[in-house]
Amino acid sequence: MHIERRDFLSTLTMASAATLFSGNPLLASLAPKKEKLGIALVGLGYYSTDLLAPALQLTEKCYLAGIVTGTPEKAQTWKAKYKIPEKNIYNYQNFDKIADNPDIDIVYVVLPPSMHREFVVRAAKAGKHVFCEKPMAPSVADCEAMISACKTNKVKLAIGYRCQHDPNIQAYMKVAKEKKFGKVMMVNSAAGYLDNRTTHWKQNKKLGGGVMGDMGVYALQGARLATGEEPVSVTALASTTRPQIYNQVEETMMFMLDFPSGARAACQTSFGINMNHLQINYEKGWLKMEPHSGYSGNKGSMSDGTIINYPIQNQQAKQMDEDCLAIISGSELIAPGEEGLRDIRVVEAIYKSVETGKNVKI
Ligand code: NAD
């Protein structure tokens, strides 16, 4: 193979630049801008396997460059399936070496919630931008530590709120902003499915289980995005119909939110009931969505006859492409760490209300 000297020198310069810039957050910000960013998925469970990796075959601004897993057999399967080079495969112990890998621009944390903080902080310290799945973390303190680590290391932090990238969800956010039907009076929001697993992290308190952080954030996001406001107080009630499974965490949570404008929301979330809808009643009309927080097919209608039904090829691909574009262009992320924190602040108040049996100010 004949390599032109100029090509050789340019390859050499890029390679040296990559080595020079990687692992050093300050220098990394000066590195030549890439057109397509390399993502490493951490945690190769259901969501990475069934949704994110397939979506990364459709993305235009990023690609699946690496993996981080605690299971060597998974590493082999993924390496073969997605042609991932051995040098881009890490385990939880040697993960910090990712700092020296110029192929990886973004670490996407797809682990149980109790592990989000550790891996987001380690990724930030390695000088990598971070995507983190919802719920951001089990506590406000965790979220603040994650935001702070990313700020200190000058990397971006995006939360995997795929719905906020969906034009069908953006449609009712726009109604809130433009006050098309006047003030919001009442929101009804529900997100749940029947989970029959018995020993998964979703049933384990220490690993960040419980329906509130899991499906509950979709019900909560429905209320927050429908009003465009942050709730000021909450009254919540936790329950379970299967105490043999749900003995550490709640199976169902019902919570009522009060917003500064006087709008109220009644929200439900459950690991025992299939439900996925949102209804907003305004001063002069209504808007309904069903499904409301699906991977696809979210749709709705308004009292003036407007139909919400925008086609979308792949929600996760759109989310990752838009977040990568924000990183490449230096613009605002749609759902940064601060947005994850806003939800967890409410989630903490919800648990406090369950514990005290009282209305809790947020
Ligand atoms: P999962 O149980 O299928 O996968 C979790 C992964 O973490 C597995 O690969 C497991 O091996 C690994 N892991 C490492 N240490 C572990 C430990 N101590 N206990 C259990 N697992 C451990 O879970 P999932 O459904 O893929 O969820 C992962 C994250 O993605 C969660 O934060 C979840 O809320 C989020 N998620 C988001 C969406 C969405 O629509 N945005 C959908 C599903 C899951």
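Which polar backbone atom is 3.3 Å from an oxygen atom of the ligand? It belongs to leucine 111, and this is a polar contact, meaning a pair of N or O atoms within 3.5 Å; within protein, one must be able to donate a hydrogen and the other to accept it, and residues adjacent in sequence count only if both atoms are side-chain atoms.

Hello everyone, a word on the model before we go on. It is a predicted model, where local features need pLDDT of at least 70 and side-chain atom pairs count only at pLDDT 80 or more, while totals for chains, interfaces and linings use all residues. Residues are numbered from 1 along each chain as its sequence is written, and side-chain values use heavy atoms, with hydrogens and water left out.

The backbone of tyrosine 46 places an N or O atom 2.8 Å from a ligand oxygen, and for tyrosine 47 a polar backbone atom is 2.9 Å from an oxygen of the ligand. On its own the ligand has 840 Å² of accessible area, and the protein covers 82% of that (Shrake-Rupley method with a 1.4 Å probe; for residues, only the protein chains shown count as cover).

Now please look at the sheet. It is open, with nine strands in the order E14-E13-E12-E11-E7-E10-E9-E8-E15 and mixed pairing. Strands E14 (307–308) and E15 (360–361) are at the edges with a single partner strand each, so one side of each has no neighbour in the sheet. Strands here are DSSP runs of E with at least two residues, helices are runs of H or I with at least four, and both are numbered from the N terminus. Two strands pair if DSSP finds at least two bridges between them.

Helix H7, residues 167–178, packs on this sheet and touches E11, E12, E13 and E14; its direction makes about 160° with that of E12. Touching means heavy atoms within 4.5 Å. For the angle, axes are lines fitted to C-alpha atoms, for helices over the stretch in contact, and angles run from 0 to 180 degrees between N-to-C directions.

Helix H11, residues 337–356, packs on the sheet too, touching E8, E9 and E15.

Let's follow some pairs. E7 and E10 are parallel, with seven bridges, and valine 187 stands opposite alanine 265 in E10. E8 and E9 are antiparallel, also over seven bridges, with threonine 235 opposite methionine 256 in E9. E8 also runs antiparallel to E15, joined by two bridges; there, valine 234 faces valine 360.
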